[in-house]
Structures are given as C-alpha cells and as structure tokens.
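Here's a quick tour for anyone opening this structure for the first time. Have a look at it, then read on for the main points.

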Amino acid sequence: MVLQTSSAGEPSMYEPHPSPAGSGLQLLVADDNRDAAESLALLMEVDGHTVHIANDGRQALEMAQRLQPDVCILDIGMPGMDGNTVARCLRDALPERRMMIVAVTGRSQPEDRARSLAAGFDLYFTKPIPLGALMGSLAQWRDDGAAPSPSTPPQG
C-alpha cells in the first residue's frame, strides 16, 4: 500500500493492482527531477508495466521514437525541450502510432491545460499526480483502446 496526498493535501491510500502477466503497458516517464521520475517508474512497475525513464525533453523524444511505448508520461516543465514540444513532435513524427500521452505539471491554470491538450496530450495531471486516477486511465486505455476524453480529464 502506498500513501499519497490528494490534491486537497489530505493523505489517501493507493493500493497497487498488478496487471495480469503479459498485460502491462510499455511506458516512458520523462521528468528532469530524477527522484520524481524514478518514484513514478517504481509505482508503475509495481502495477505490472515496463518503464523507461528519460530526464530531459530531447532524450524523451529520442527514446519515444525508438521504443514507441504505449504511454508517455511527460513533465511539462523540462528545460531545453519542454513536454508540450515533445508531445507535438511525437504526434507529428508518429501519426499512426496508438500512443497515450499524459502531461504532469505543477501548473494548474486553465490556459496551461488548454495549451497542453492542443499540443497533443490525452490527459493532464497537476502534481502531485493522483495515482488512482492515473492508474484508472491507464487500465481504461489498455482495456478499451481509448484514453478518457481530454475535455473532462480526471482532476489532479
């Protein structure tokens, strides 16, 4: 069981539910904060996913083009090439690839969310990431083949 903090700052519990063998997704987690990237990767691995980590936008773009993961979880505020640019480049470079792209950021203004969704993100979460909502979105995408509608993203 993992203790996490809700967006209201209240502690809540998240119980990992590992995916059945062979049904995990291939993920790319990109964040310039190495501790944040590694922590999220560990939680994703516990949930049954294979995870690759990038620590800047250029590395994330190169790895995503080479690995073509099922899901990219990108920090928006990476130096050099930000997450919005990476998402836009991925959508342009791999238009036929079925890939869910998830934004994670400390920015919560409506214009930040709109800019990211316009760049090609499927979902937008503010930090700290609500793990239950992220895990539910990944499971829905894996099982149904579609991300939740970006017009009504999970709160976070």
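A residue counts as buried when its relative accessible area is under 20%, and as exposed when that area is over 50%. With 1% relative accessibility, Leu28 therefore goes in the buried group. Keep in mind that this is a predicted model. The protein has 156 residues, and 45% of them count as buried.

**The overall layout**

- You'll find five helices and seven strands in the protein.
- Starting at the N terminus, the order of elements is β-β-β-α-β-α-β-α-β-α-β-α.
- Take the contacts between residues at least 6 apart in sequence: 62% of them link residues at least 24 apart.

- Leu28 sits in strand S3.
- What does Leu28 touch, once neighbours within four places in sequence are set aside? The list is His52, Ile53, Ala54, Ala60, Met63, Ala64, Pro69, Val71, Cys72 and Ile73.

**The nonpolar cores**

- The largest nonpolar core is made of 22 residues. Leu40, Met44, Val71, Ile73, Val102, Leu134 and Leu138 have the most contacts inside it.
- Which elements give two or more residues to this core? They are strands S3 (26-30), S5 (71-75), S6 (100-105) and S7 (123-126), along with helices H1 (34-46) and H5 (131-144).
- There's also a second, separate core with 21 residues, including Met63, Leu74, Leu94 and Tyr124.
- Val102 is worth a click: leaving out residues up to four places away in sequence, Val102 touches Val71, Cys72, Ile73, Leu74, Phe121, Leu123, Phe125 and Leu134.

**H1 against H5**

- The axes of H1 and H5 cross at roughly 50° and come within 12 Å of each other.
- Because an angle under 35 degrees would count as roughly parallel, and 65 to 115 as roughly perpendicular, H1 and H5 are classed as oblique to each other.
- The crossing of H1 past H5 is right-handed.
- On the H1 side, Leu40, Leu43 and Met44 meet Leu131, Leu134, Met135 and Leu138 of H5. Sorted by class, this contact has seven nonpolar residues, no polar ones and no charged ones.

**H2 against H3**

- Helix H2 (residues 57-67) packs on helix H3 (residues 83-93) at an angle of about 25°, with the axes 10 Å apart. That angle makes H2 roughly parallel to H3.
- H2 and H3 cross in a right-handed way.
- H2 brings Gly57, Ala60, Leu61, Ala64 and Gln65 to the contact, while H3 brings Val86, Cys89, Leu90 and Ala93.
- How many nonpolar, polar and charged residues does the contact of H2 with H3 have? There are seven nonpolar and two polar residues, and no charged ones.

**H3 against H4**

- H3 also packs with helix H4 (residues 110-119), at an angle of about 25° and with axes 8 Å apart. So H3 is roughly parallel to H4.
- Asn84, Ala87, Arg88 and Arg91 of H3 make this contact together with Arg115, Ser116 and Ala119 of H4.
- By class, the contact of H3 with H4 comes to two nonpolar, two polar and three charged residues.
- Is Ala118 buried or exposed? Its relative accessible area is 71%, so Ala118 is exposed.
- Between the C-alpha atoms of Ala118 and Asn84 there are 8.8 Å, although the two residues lie 34 places apart along the chain.

**Two backbone details in loops**

- Going from Lys127 to Pro128, the peptide bond is cis, and its omega is near 0°. Pro128 belongs to the loop between S7 and H5.
- Gln68 is in the loop between H2 and S5. The phi angle of Gln68 is near 45°, a positive value in a residue that isn't glycine.
- Gln68 has a relative accessible area of 32%, so Gln68 is partly exposed.

Terms used
Residues numbered from 1 in each chain as written. Predicted model: local features only at pLDDT ≥ 70, side-chain atom pairs only at ≥ 80, totals over all residues. Heavy atoms only, no water. Axes fitted to C-alpha atoms, helices over the stretch in contact; angles between N-to-C directions. Helix = DSSP H or I, 4+ residues; strand = E, 2+ residues; numbered from the N terminus. Parallel < 35°, antiparallel > 145°, perpendicular 65-115°, else oblique. Left-handed = near helix turned anticlockwise from the far one by under 90°. Contact = heavy atoms within 4.5 Å. Nonpolar A, V, L, I, M, F, W, Y, C, P; charged D, E, K, R; others polar. Core = buried A, V, L, I, M, F, W, Y, C linked by side-chain atoms within 4.5 Å. Buried < 20%, exposed > 50% of the residue type's maximum accessible area, 1.4 Å probe, protein only.
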